[in-house]
Amino acid sequence: PARLRDRWTRAGPAADSKLPSSVRSTLLELFGQIEREFENLYIENLELRREIETLNERLTAEGQAIDGAELSKGQLKTKASHSTSQLSQKLKTTYKASTSKIVSSFKTTTSRAVCQLVKEYIGHRDGIWDVSVARTQPVVLGTASADHTALLWSIETGRCLVKYTGHVGSVNSIKFHPSEQLALTASGDQTAHIWRYAVQLPTPQPVADTSQQICGEDEVECSDKDEPDVDGDVSSDCPTIRVPLTSLKSHQGVVIAADWLVGGQQVVTASWDRAANLYDVQTAELVHSLTGHDQELTHCCTHPTQRLVVTSSRDTTFRLWDFRDPSIHSVNVFQGHTDTVTSAVFTVGDNVVSGSDDRTVKVWDLKNMRSPIATIRTDSAINRINVCVGQKIIALPHDNRQVRLFDMSGVRLARLPRSSRQGHRRMVCCSAWSEDHPVCNLFTCGFDRQAIGWNINIPALLQEK
């Protein structure tokens, strides 16, 4: 259900203009009802799983164990303890044999790392698609939302500093210029905007230590009724920017993502029209149109130090575009996923990390495109990933509201705490590291309309390795 609304809200006015307002309202209401029904079913499913696990634990203590499927068929009373124990042992042996050949995401190590929720950034009126951290002083947090706005936040205080309202469609991504106070946003209105901001950071307040929690497997489910309430418009009293410095308008479909090339003189955009465009920032002219994907693009990312671009697509591939030689623009296609590639990002050295709706994350060596060097298998679709470059830690935001941390070899390090009091309550859309920030070094955002700042104890996290 979230995916259905995803495509509707990202499309912006291009989709709205074709339907009467009464029909649009009815569709959105129906989408909401469907999503709530699935939320309730999801919670009921988790409760049933817990009951099965509890019964299994009791039976194991008595020398027996059962499979969840058998329990649902009512076969518990008809199974002798000896045969049930044999079945359990067979399942365990099969599981160990199958997972020994891959890098599994279900590693049962207990993490001692402390993952602390530090700050919640609440003010958007709809889901937040993207989150990013400024690379220049003052360091601020940026969020892009389906409510047609982008907001800049004080990381320390959680206060909204700037509101950008120049788009007339969903704002699908936000990225900051490498050296200037410029922001780049992509939108469902088929444009990308470059706009200048000026902020003055408020005095930070002491951060309470009440949210500290050990990373682990325990969680308490909560329904979408626990979604954060927005009392009034918290961004109404902050400065508003309504007109962009530059508007990039060559796409014929939703612009789903945009990023700055190294140096900040050019930007690349990715669109549902199956093309990625390279623009000159000063002139706003189209330099190259990168075509070749068979379906809509989902993401684009640039290398921090070289003129390299990766584009991801619903066609299950991602492509590497090389602009280092002005006379030759080579492209390499990476195949290996079985569903939409939701994002692909550069990391240190010659590695790219890709995430997909096929519930896997793959680590690739750019010198060997044939197969990944590591595969992480999870239990939920993966959205826009991010890599902590210095420590090589991948943050995975999931459709099932979880955020997991892995190293580059595929070893699971932690799962961020989630309960009725903290964590995301809807699909988590994006993650972003800020390695050197003293307060928060990881940010996540989701369809529950909030962004969250976390403090991850990285030394303790890596000590588990």
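1. Trp-153 has a relative accessibility of 1% and counts as buried, a term that stands for under 20% relative accessible area, with exposed over 50% and partly exposed in between (1.4 Å probe, protein chains only). This is a predicted model, in which local features need pLDDT of at least 70 and side-chain atom pairs count only at pLDDT 80 or more, while totals for chains, interfaces and linings use all residues. Residues are numbered from 1 along each chain as its sequence is written, and side-chain values use heavy atoms, with hydrogens and water left out.

2. Nine aromatic pairs are found in a search of the whole structure, where rings of Phe, Tyr and Trp (its six-membered ring) pair if their centres lie within 6.5 Å, planes under 30 degrees apart being stacked, over 60 edge-to-face and the rest tilted. Among them, Tyr-121 and Trp-153 are edge-to-face, at 5.9 Å centre to centre and 65° between the planes. Tyr-121, with a relative accessible area of 0%, is also buried.

3. Phe-334 and Trp-364 form an edge-to-face pair, with ring centres 5.5 Å apart and planes at 85°. Both Phe-334 and Trp-364 are buried.

4. Tyr-164, Phe-176, Trp-195 and Tyr-197 are linked into a cluster by ring pairs.
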